[in-house]
Amino acid sequence: MKNNNVIEAQELTKMFGDFAAVNAISFNVKKGEIFGFLGANGAGKTTAMKMLIGISIPTSGKAKVAGFDVFTQAEDIKKNIGYMSQRFALYDDLTVKENITFFGGIYGLSRKQIKEKATVLIEELGLEKVANTLVGALPLGWKQKLSFSVSLLHDPKIVFLDEPTGGVDPITRRQFWEMIYKAANQGTTVFVTTHYMDEAEYCDRVSIMVNGKIEALGTPKKLKEQFKADNMNDVFLKLARG
Amino acid sequence: MKRFIGFIKKEFYHIFRDRRSLFILFGMPIAQIMLFGFAITNEINNVDIAVLDHSKDAITEEIINKISASKYFSIHQFIEKERAIEAVFKKGKIKAVLNFEKEFSKNLVKEHKATIQIITDATDPNTANTISNYVNAILIQYQQELNKDITIEYQIVPQTRMVYNPELKSVYMFVPGVMTIILMLVSAMMTSISITREKELGTMEILLVSPLKPIQVIVGKVFPYIFLSVINAIVIVLLSIFIFKMPVQGSLFLLAIESVLFIISALALGILISTISTTQQTAMMISLMGLMLPVILLSGFIFPISSMPLPLQIISNIIPAKWFIIIIKGIMLKGVGLQFIWKETLILLAMTVFFIVLSVKKYKIRLE
Amino acid sequence: MSISVSNISKSYKNVTALQDISFNVKAGELFGLIGPDGAGKTTLFRILTTLLIANKGIATVAGFDVVSEYKKIRNNVGYMPGKFSLYQDLTVEENLEFFATIFGTTIEENYDLIRDIYVQIEPFKDRRAGKLSGGMKQKLALCCALIHKPKVLFLDEPTTGVDPVSRKEFWEMLKRLQQKDITILVSTPYMDEAALCDRIALIQDGKILQIDTPQAIVKHYPKQIYNVSANDTYQLLKSLNAYSYNHSVYPFGEFVHYTDSRANFNPKDLIAYLESKKLSNIEIYKTEPTIEDTFMELAK
């Protein structure tokens, strides 16, 4: 790649009939950046993200993810990204090890690689005692940390996190963000979609979508200054209430 | 009472707004009756047969003409030698061969007895069986014509007696079974699904934390399905009367009463299922595996109970559908009244009461 | 007392959901139960709404015992479970009408109570509940829970999955309801909503960490918190965690919340240490504790 951008979107648009779910959004995300993608329910976040991860074809505009075109190289994009969502993360009826093996397998890691990675990962997360326990029996916070690690198994260039820490206890949540900082520090770009504004405060830069358009884009600090607000929640309220 | 009516109103909204279950409710009886009536039938039409006539006399010719004149058979070829029979079957087109013995007429006149061999392709045992029955029927008919004005009877083949369904119409046999299945499915599966849906959605929590009594919730859930099942039963009976020209011999009133009794027992089973399952999916699986299969396999609908191994015969007794099928076969086909089926009715009634009591007992006023 | 809970314990097969919980809620109070998923909030709600029976302890709601007088409670409380429990295939109006009927009342009879909320969704009254946005579902569910004018209102995570605008509106509605003499017990995993309650109980792993007014809870935070930031948050966190005098280190939005274990802490020492770790743009200044800081300190 010539420049440092791992996501480049220009005038990206998705129409459903006459309705523009995503209306000509443009933004870039740099390598190793933690980028918050915010918006209310129905603002178009999910639709935009689906286009970026190669499972929905845009109506118009241009976008490149990890250097691949979203129109023509969706399969290459999928190989180079990780994805984690609160709704679907891991299989509850498989053990910790089985989940790691399975997800490693679908991303084409060799048996040896999976074994090595699994050992490192289980040790880092302190899951040695529960390695053969069903994931369903683990506390929510552990599951989410494990799920994040699993999404990083194949060393993706970008990892997409969909509302990753809703409902988790505050301490686990900090540990989760420490993991995100670590991943970003190692060069993985982290793309977080959320409507929890306190999650936004942790990001390097955030964009806020309202009715299909990006209405604000910048570091949390800048946005707070721009909207004369104490926190991102107030920024959001001011934007949404027009 | 106002609460109860409000509840029932809501249930009807659910039913009429869910296109899929509406389709199941009303599409299924029609589809099933049509399937069993037309497609999955024991009847035969225009089956190709071959004839090996060793005697070639007037009577054999007459019999052959009778057979080929019926709409059931068409004579595809005549063969000359026994050896050819196997070759003919191997080709697959011919389903049966009629083998007249030598000097057929002479034997019939002299000995008053002649033999015809009916060889059928038993790779499909049902069809084979039906073919031989049909040929027998035609032979018997011919024999009766021959014997009209003779004192000592001519005898061609052993007689096969067919009662209640002289035309061998299979649909007559299927209607009671299909009706049983559908009433079971609609009543038990639909109620169990509709109750577990409330659990899944979380609305059951609110219903529990309301002044509604358990009996109000249960009856409110069940009532619309009694209504719909009765409509279904009526549709099935009408279809069989008007499309399949199947006469209902017995009292329609008795039929209705017995059907309602069976519907209520199936509904109670549905409630019972809903008390042990937490998701619609489990409710559906239990209904299908736990109710539908026994009804199809063990009720005597498809496989005669008398030819089952003894343990299965004993198990079949606890299946309400078995008793209901006996009852409605009696009413619809034999035209019997309550004096002949009171025992079965009593058993069904006892089962129904048992299921209702059990399901009301099992219905929880709390979440655990 | 509108709600009184004493020594309630509840365990499922091998999990202890609640452990010796006691608290009181006064009539007309807006009481918050603050804690993460799995803390036992929903179990407690279900015990108080008579849906579950506790293994130990007693509780009363509106003066009635939750076990022996459950029928009276069911007539007197409104309950909004975790998911917005509405009939998706019924319209807004039909949902409301249904819940009014089963509680033996009509929409007209108690319209005063829900008017403020209902007018916001009334334009969509012929729309099926399944097609409403999260915020509108939440409002409808609240109307349904209020339609029989309950004395006590139980709201289990009413703001989960709802966007900030709807969340704010929702809390404003609760404040207005409180003035109509309804006692409200609300649970939430969002620490920032705690400040909107009269009193709160912080709950984790089935145990209550602290009960007080939000103001008092933050006031009792034992340490001085510093906001620390630098050019590289990850390195900053690593360095602070390795610092031998740290008491707590938590990333907190764009900053790191730091407390020191020494009584005579001088921020300059820390700056010097961080600079030795090759960090730059170091900023460090005092900040006020939040409910979340207290929660973490107590849960540590």
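**Entry 1: domains of chain C**

I looked up the domain assignment of chain C and found domain 1 (3-219) and domain 2 (225-299); the bounds come from an automatic or database domain assignment. I noted that this is a predicted model, in which local features need pLDDT of at least 70, side-chain atom pairs count only at pLDDT 80 or more, and totals for chains, interfaces and linings use all residues. Residues are numbered from 1 along each chain as its sequence is written, while chains are lettered from A and ligands numbered from 1 in the order in which they are written.

Taken over C-alpha atoms, the centres of domain 1 of chain C and domain 2 of chain C are 38 Å apart. The contact between these two domains takes ten residues from domain 1 of chain C and eight residues from domain 2 of chain C; I count two residues as in contact if their C-beta atoms, placed from the backbone, lie within 7 Å. On the domain 1 side, strand S9 (199-204), strand S10 (207-212) and helix H7 (214-219) of chain C each supply at least two residues. Helices (H or I, at least four residues) and strands (E, at least two) are DSSP runs, numbered from the N terminus. H7(C) has the largest share of that side, three residues.

**Entry 2: chain C against its neighbours**

I turned to chain B next: the contact takes 22 residues from chain C and 22 residues from chain B. From chain C, helix H2 (70-76), strand S6 (77-80) and helix H3 (92-102) each supply at least two residues of the side that touches chain B.

Against chain A, the contact takes 29 residues from chain A and 25 residues from chain C. Helix H6 (170-185), helix H7 (197-200), helix H8 (220-226) and helix H9 (232-240) of chain A each give at least two residues to the side of chain A that touches chain C. H6(A) gives the most, nine residues. By class I find 15 nonpolar, six polar and eight charged residues on this side of chain A.

**Entry 3: strand S7 of chain A**

Is S7(A) enclosed or open, and why? Five of the five residues of S7(A) (residues 158-162) are buried, so the strand is largely enclosed by the rest of the structure. A residue is buried if 20 or more other C-beta atoms, placed from the backbone, lie within 10 Å of its own. A:Ile158, A:Phe160 and A:Asp162 point one way from S7(A), and A:Val159 and A:Leu161 the other way. In a regular strand, side chains alternate between the two faces of the sheet.

I then checked the pairing, which requires that DSSP finds at least two bridges between two strands. Strand S6 (residues 81-85) of chain A is joined to S7(A) by five bridges and runs parallel to it; A:Ile81 stands opposite A:Ile158. Five bridges also join S7(A) to strand S8 (residues 189-194) of chain A, again parallel, and A:Phe160 has A:Phe191 in S8(A) as its bridge partner. The chain crosses from S7(A) through H6(A) to S8(A) in a right-handed β-α-β crossover (with the strands pointing away from the viewer, the path from the first strand over the helix to the second runs clockwise).

Note on methods: Ala, Val, Leu, Ile, Met, Phe, Trp, Tyr, Cys and Pro count as nonpolar, Asp, Glu, Lys and Arg as charged, and the others, Gly among them, as polar. A residue is buried if 20 or more other C-beta atoms lie within 10 Å of its own, exposed if 12 or fewer, and partly exposed in between; C-beta atoms are placed from the backbone.
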